[in-house]
Structures are given as structure tokens and as C-alpha cells.
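Please keep the structure open while reading.

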Amino acid sequence: MKITYLGHAALAIEEGDVHILVDPFISPNELAKDIDINSLKADYIMITHAHEDHIADVEAIVKNTGAKIISNYEIVSYYGAKGIEGHPMNHGGSWQFEFGKVTYTNAVHTSSFPDGSYGGQPGGFILETSDGNLYVAGDTALTMDMKLIPLQCKIDLAVLPIGDNFTMGIDSAIIASDFIECDEVLGYHYDTFGYIVIDHEEAQKSFADKGKNLILLPIGDHMTF
């Protein structure tokens, strides 16, 4: 599995021949100005919740690629009314896609579209694939529900928000990694706005002091596992 960081909470995931985007907020993000959304490949777009900083480029990318949306029922219905195909899910539910099994997990946050429409309840995703298991937490507080995840599957890499203020910060993310029993963490949802700027060295040291590895990818860079 190849994971490319596209800035903020946006990811590009390649699993075999399948291309998946997560929460594409790219073109409005000055930090991601070198990412051309017209060059992105997408068979699916996974959306954790409806806030602008997670959906800004969804319609443009769908127009370019014909990607299918995976999200909660309300988000899929919202885009369905625009003629965009999607696969609706809800918390605790799983579905076997050609690239692997997807489970929609709980997240503690809010969710509404920029036009004020209800965006359903926010969530995260677990991807169980032949290459390994990935947990994308979405925008969330630290929650005891995370303790249920390792009872269902082993997580090889956790993507956790670390910017604080709107989501978990560093200290809570470290506890979250304990709850999900995964010491390999890819940080996201940081630096984009003044409220969520972090000290990279301090963040990585905080994880290392607990025997954990916090990966902070430059925008446009990738990792594999």
C-alpha cells in the first residue's frame, strides 16, 4: 500500500490497481499549492465528514475521474442528488470492496456542509487489505470507542489528527495509539491554519519518548507498508 500526503487531512492511497482519495481539500490549501488536482487518480473518494476542509475538491475530482464516493448515508445522498454515485455506510458497518474490507468507525466531531446542510455523523475508516490494515481516524476527539478497534483487527498504521483545537492534539493522539494498539502513526490535520500549527520536532519527540513513531510527511511525499 502506498500512501501520499496531500496536505491537511487529504490522502491518496494506492492499493494494488485501485486509487483511493481521502477528504480532498487541496486547491484551497496554500500549503498544497504544488498539488495539481487534475493529475490525481481516483476510483473512490472516502469522506469522513462534510466540513469544507474535507470536501472542497470532491466534485472537481469526480468530474475528472468518475470516482465513487464512500461515506455516511447523508453525505452519499447529498452527492447523489448531484448525480454522483456513492456507497452509503454507517457506524460499525463494513463492506467488502475489490481493494479490501472497509469499516466506518465512530468519531467525535461535528459535520455539516458549507451550505448548512446536515452532513450526518462524522466517522473514520478502517481498511483491511492484503497489504495490511489502515485506520484513518478522521476529525475526532480521543474516545474510548478506539479501544474496540484492536478487538476486531490488528492495525498496522494509524492516521491520526494531531493539530489540536478542532481535534485531538499530540498528547491525546499518543493515548489513542495506545487504545488502538498501534505504535506507527501518520500524523495529519495540522499546520494548515493558525489554530493547528504544531512544533514538528517536539511532536515527534513526544511520540518517541513513549516508544512510538510519528511520521510527518512533507506534502506530496509518500510512504509504503
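In this predicted model, helix H5 passes helix H6 in a right-handed crossing. H5 spans residues 170-179 and H6 spans residues 200-208; their axes come within 10 Å and cross at roughly 30°. On the H5 side, the residues in contact are Ile170, Ala173 and Ile174, and they meet Ala203, Ser206 and Phe207 of H6. By class, this contact of H5 with H6 has five nonpolar residues, one polar residue and no charged residues.

The largest pocket has a volume of about 240 Å³. It is lined by 15 residues, of which Gly92, Thr103, Thr105, Ile149 and Gln152 are the closest to its centre. Two or more lining residues come from each of strand S8 (100-106), strand S9 (123-129) and helix H4 (149-152). S8 gives the largest share of this lining, with five residues.

The second largest pocket has a volume of about 170 Å³. Among its 13 lining residues, Thr4, Ala12, Glu14, His19 and Leu40 are the closest to the centre. The elements that give two or more residues to this lining are strand S1 (2-5), strand S2 (11-15) and strand S3 (18-22).

The table gives the residue classes of the two linings.

| Pocket | Nonpolar | Polar | Charged |
|---|---|---|---|
| Largest pocket | six residues | six residues | three residues |

Note on methods:
Residues are numbered from 1 along each chain as its sequence is written. This is a predicted model: local features need pLDDT of at least 70, side-chain atom pairs count only at pLDDT 80 or more; totals for chains, interfaces and linings use all residues. Side-chain values use heavy atoms; hydrogens and water are left out. On a 1 Å grid over the protein atoms alone, a cavity is a set of points where a 1.4 Å probe fits but cannot get out, and a pocket is an open set with protein on both sides within 12 Å along at least five of seven lines; lining residues have an atom within 4 Å of a point. Grid points are joined across faces, edges and corners, and a volume is the space filled by probe spheres set on the points. Helices (H or I, at least four residues) and strands (E, at least two) are DSSP runs, numbered from the N terminus. Ala, Val, Leu, Ile, Met, Phe, Trp, Tyr, Cys and Pro count as nonpolar, Asp, Glu, Lys and Arg as charged, and the others, Gly among them, as polar. Axes are lines fitted to C-alpha atoms, for helices over the stretch in contact, and angles run from 0 to 180 degrees between N-to-C directions. A crossing is left-handed if the near helix is turned anticlockwise from the far one by less than a right angle, and right-handed if clockwise. Contact means heavy atoms within 4.5 Å.
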